[in-house]
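Here is a short briefing on selected local features of one protein model. Keep the sequence and the structure open while you read.

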Amino acid sequence: MAVPEELGEGEKERWRALRAASDTPRNPFMEPEFTEAVGLVRPRARVAVVYEGLEPAGFLPHERGPLGQGRAIGLGVSDAQGAILRPGLRLDTGELLRGCALSSFVFDNLEAEQRLFVRYAAEEHATYVIDVEKGYETYESVLRAQSPKFLKTTLAKERRLGRQVGELRFVFDEREPAALRTLMEWKSAQYRRTGRRDRFAQEWITRLVGRLAETRAPECSGTLSVLYAGRRPLAAHFGLRSASVLACWFPAYDPEFAKYSPGLVLHLRMAEAAAAEGIGMLDLGRGAAEYKDALKTGELPVYEGAVTRPGAGAVLHWLSREPARRAHGFVRGRPRLAALAARTLKGAARLRRT
């Protein structure tokens with residue numbers, strides 16, 4: 001067992017080699033750089049290393065609670081989770097948890113190929129993806145076939161935005177710190193406006209994003225994309241990219257320009273730039289949203305659930321998470337109830353502001 005920053009370069013290279021040997025998309029949340037960044041802001045972050053002889057054959061990044069409750073690394077913000085294992089490696093889940101001194105292991109975005117844990121999933125969710133493997137022009141032709149009105153309207157708004165606000169400029173990998181601060185301010189305001197918990201009010205998340213913004217590695221690089229009119233930012237997104245996947249994470253826009261749909265314009269330009277960089281997929285993450293339905297070309301499954309060992313830890317896990325998870329699942333499965341809940345959250349947010 002090690003804290004993430006104690007892993008040697010040889011171990012991290014082995015981690016990367018195991019990811020390269022996997023059939024799953026090379027999501028940057030599953031790379032050692034993400035785990036290391038979490039470890040610098042979350043003191044309970046750990047990495048279990050499974051050896052075959054003298055060679056590492058597997059890694060389980062996780063966070064350990066005071067009573068042994070385990071959770072996927074960065075749970076709550078990480079969009080891909082699980083163990084990094086040699087193909088064909090046989091492990092007993094209970095023995096792995098015992099070796100980590102964990103009473104449970106909670107996940108909410110488990111990769112589909114995580115056979116060690118997927119049988120313990122309580123729910124399956126869809127993560128929405130954009131396929132640009134064959135280039136942006138091919139993607140746009142797919143949109144033209146499946147969502148012709150959406151594409152036509154968005155491109156028209158983009159042209160009108162350029163005429164009425166200022167000449168548009170898109171930067172795929174912006175390094176200006178002020179632009180990242182602006183994005184965080186927009187996103188915080190959006191969370192409050194919609195009655196949702198402000199993630200950037202949590203210091204560790206703000207610090208994590210700041211560290212990842214400075215991370216530059218072939219398979220995990222912080223990427224800030226900004227749509228400008230002249231020098232004024234209109235929409236921005238911060239995410240992580242590998243050589244083949246852009247993991248979309250925190251998008252936001254200036255609400256003053258909402259009628260132009262700058263967030264949608266931004267995502268189209270991100271898809272175009274990603275394709276030009278040789279990236280084959282944009283992962284929009286789980287959670288239904290109209291803009292995802294309009295932009296997506298497909299879906300991939302991710303899983304939510306927990307592995308528990310018999311004992312007090314399993315009881316604590318159930319009491320702390322299961323009632324709320326089941327309530328959320330009940331609402332999500334009923335669209336009219338989910339819409340009512342969203343309206344209630346927005347109404348509560350308006351009351352707090354008055």
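Ser261 counts as buried because its relative accessibility is 16%, under the 20% cut-off. In this predicted model, Ser261 sits in the loop between β11 (245-253) and α9. Its phi is positive, about 50°, although Ser261 is not a glycine.

**Backbone with positive phi**
- Most residues other than glycine have a negative phi.
- Ala101 is not a glycine either, yet has a positive phi of about 60°.
- Ala101 belongs to the loop between α3 (93-99) and β5 (104-111).
- Ala101 counts as partly exposed, because its relative accessibility is 39%.

**Helix α5 and its buried side**
- Which residues of α5 are buried? They are Tyr136, Tyr139, Glu140 and Leu143.
- These residues lie on the same side of α5, because they cover an arc of only 100° around the axis.
- An α-helix has 3.6 residues a turn, so residues three or four places apart point the same way.
- The face turned away from the buried side of α5 carries exposed Glu137 and Ala145.

**Helix α5 against helix α9**
- The axes of α5 (residues 136-146) and α9 (residues 262-276) come within 9 Å. They cross at roughly 145°.
- From α5, Tyr136, Tyr139 and Leu143 make the contact. From α9, the partners are Leu268, Arg269, Ala271, Glu272 and Ala275.
- By type, the contact residues are 6 nonpolar, no polar and 2 charged.

**Aromatic rings**
- The structure has 11 aromatic pairs.
- Phe105 and Phe107 form a tilted pair, because their planes are at 45°, with ring centres 6.3 Å apart.
- Phe105 counts as buried because its relative accessibility is 1%. Phe107 also has 1% relative accessibility and therefore counts as buried.
- Phe105 and Phe117 form a pair with ring centres 4.9 Å apart; the planes are at 35°, so this pair is tilted.
- That pair links distant parts of the chain, 12 residues apart: Phe105 is in strand β5, Phe117 in helix α4 (residues 115-118).
- Both Phe105 and Phe117 are buried.
- One aromatic cluster is formed by Phe29, Phe34, Phe200, Phe238, Trp249 and Phe250.

**Charges over rings**
- Arg42 places its charged end over the ring of Trp204, 4.2 Å from the ring's centre.
- Arg169 lies over the face of Tyr228, at 4.2 Å from the ring centre.

Notes. Residues numbered from 1 in each chain as written. Predicted model: local features only at pLDDT ≥ 70, side-chain atom pairs only at ≥ 80, totals over all residues. Heavy atoms only, no water. Axes fitted to C-alpha atoms, helices over the stretch in contact; angles between N-to-C directions. Helix = DSSP H or I, 4+ residues; strand = E, 2+ residues; numbered from the N terminus. Contact = heavy atoms within 4.5 Å. Nonpolar A, V, L, I, M, F, W, Y, C, P; charged D, E, K, R; others polar. Buried < 20%, exposed > 50% of the residue type's maximum accessible area, 1.4 Å probe, protein only. Arc of directions from axis to C-beta. Phe/Tyr/Trp six-rings, centres within 6.5 Å; stacked < 30°, edge-to-face > 60°. Lys NZ or Arg CZ within 6 Å of the ring centre and 35° of its normal.
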